[in-house]
Amino acid sequence: MVIFVSSFFVLIAICGVFYYLTLDKQHSSSDPGFIAFQRTYLVVYLLAQGADWLQGPHVYALYSSYGMTSLQISQLFVAGFGSSMIFGTVIGSFADKLGRKANCILYGILYGLDCLTKHVPSFWVLMIGRLLGGIATSILFSAFESWLVCEHSKRGFSKDLLSVVFSHAVLGNSVIAILAGLVAQGVASQFGFVAPFTLSLILLILVSGLVYLLWTENYGDSSGNFYKSFLSGISAIKNDSKILCLGLIQSFFEGSMYTFVLEWTPALTPVEKLGTKDVKQTIPHGWIFASYMVSIMLGSSIFKYLCRTNSPESFMRVVFAVAAMSLTVPIISPKSQTSIFIAFLVFEVCVGIFWPALGTMRSKYVPEESRATIMNMFRIPLNFIVILILLQDLPMAVTFKCCVIFLFSCSAFQHWMYKACPQTNNSSTRQQVLVLPEGTEEV
């Protein structure tokens with residue numbers, strides 16, 4: 001218990017140091033237009049993420065309280081990932097053709113309907129909700145970023161400033177996750193497991209309203225049909241190895257990340273022998289989750305620090321290798337709770353670096369006309385990986401071995417991509433990654 005609580009405060013201190021080190025060189029623009037644009041995006045995006053975070057802690061508990069069996073609960077979870085896998089590409093094409101703003105509004109509607117189904121203790125009604133939630137998740141992880149990148153370019157802001165927006169988004173998302181977990185716990189204790197979903201519904205209505213009122217519409221290839229958009233995405237992947245590498249990295253890293261979410265609790269839970277029975281001890285899930293979120297915040301600050309002298313194409317090779325080595329610890333020392341926990345914190349720091357780095361690289365290499373389509377194409381293997389692991393019920397050590405293989409593969413793909421981008425090998429170029437454009441100043 002001591003290690004879990006003390007690590008939270010140690011991480012807060014380290015995170016504060018890194019934030020201070022990068023605060024005076026945050027390469028942000030003094031342009032009021034950019035500041036207002038960044039604020040408009042972050043407020044909406046973080047509310048959308050907050051609505052998602054509110055639901056996470058109590059989904060399983062709610063299903064169980066409705067009398068669902070473990071098999072039925074597994075089927076509901078698989079349905080959510082399957083829905084995202086099957087319908088994600090279509091939704092991506094919808095965003096590129098009919099508008100990213102419209103798709104973000106649709107996110108609030110679909111996820112809101114999912115929240116409404118949580119009030120009905122019927123397996124098939126809950127199944128419909130999981131299908132809608134899976135589609136909404138695909139929108140959350142593609143349309144919002146696609147709108148940001150396109151709108152940032154349309155308004156003529158420096159590309160160098162985009163990585164700062166991504167970094168702030170990851171930092172803010174970690175704070176929102178911690179707050180959402182605390183709020184969800186409070187309202188669930190007071191009003192029942194369904195209460196967080198009611199609160200999430202309110203946030204989703206607010207998100208759709210703010211997107212409608214504050215955002216302008218932008219498109220990918222609005223002249224083509226869904227089939228053309230799909231073929232355009234396939235063609236871009238075939239003709240540009242950098243896009244293929246990015247997609248494979250996204251699939252394998254996020255697949256490992258979601259698998260980690262399923263496995264960290266049993267990996268940290270010690271088991272004691274009492275007679276002939278194995279009895280699992282309790283662990284402070286709230287403190288552990290909070291430490292993970294602070295680790296992600298730390299990762300976002302480290303990303304900004306690394307960008308001063310290196311490009312993401314370069315340093316992400318090391319980050320993926322470190323992430324892989326961190327998940328070897330529960331394989332090598334399955335009974336060392338302290339070692340495993342420290343390794344998991346290192347992995348979460350890598351997650352915090354990964355999100356803004358991936359967004360920055362996608363903004364460089366993924367074509368605008370089919371951005372959301374391509375992003376959702378690579379959610380197909382991602383969701384397939386998670387579904388396969390869920391259905392196989394593999395031993396924990398085997399599951400972590402799969403994650404290690406996936407993460408070392410990410411490092412290899414990143415190296416391949418690095419070699420395919422000769423401009424990133426030039427040291428003078430790396431030093432210009434976040435150089436302030438003329439007419440701006442540090443904030």
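Helices α13 and α15 are roughly antiparallel to each other, because their packing angle of about 150° lies over the 145-degree cut-off. The model is predicted, and its protein chain averages a pLDDT of 84.

**Helices α13 and α15**

- Helix α13 covers residues 312–326 and helix α15 covers residues 337–365, with the two axes 9 Å apart.
- The crossing of α13 past α15 is left-handed.
- On the α13 side, the contact is made by Pro312, Glu313, Phe315, Met316, Val319, Phe320, Val322, Ala323 and Ser326.
- On the α15 side, the contacting residues include Phe347, Cys350, Ile353, Phe354, Met361 and Tyr365.
- By class, this contact between α13 and α15 holds 16 nonpolar, two polar and two charged residues.

**Helices α11 and α17**

- The axes of helix α11 (residues 241–268) and helix α17 (residues 379–392) come within 8 Å.
- α11 and α17 cross in a right-handed sense.
- From α11, the contact draws on Gln250, Ser251, Phe252, Glu254, Gly255, Tyr258, Thr259 and Leu262.
- From α17, the contact draws on Arg379, Pro381, Leu382, Ile385, Val386, Ile389 and Leu390.
- The contact of α11 with α17 divides into nine nonpolar, four polar and two charged residues.

**Confidence**

- A pLDDT of at least 70 is reached by 88% of the residues.
- Residues 427–443 have a pLDDT below 50, and this stretch has 38 contacts in the model beyond near neighbours in sequence.

Terms used. Residues numbered from 1 in each chain as written. Predicted model: local features only at pLDDT ≥ 70, side-chain atom pairs only at ≥ 80, totals over all residues. Heavy atoms only, no water. pLDDT = per-residue confidence, 0-100. Contact = heavy atoms within 4.5 Å. Axes fitted to C-alpha atoms, helices over the stretch in contact; angles between N-to-C directions. Helix = DSSP H or I, 4+ residues; strand = E, 2+ residues; numbered from the N terminus. Parallel < 35°, antiparallel > 145°, perpendicular 65-115°, else oblique. Left-handed = near helix turned anticlockwise from the far one by under 90°. Nonpolar A, V, L, I, M, F, W, Y, C, P; charged D, E, K, R; others polar.
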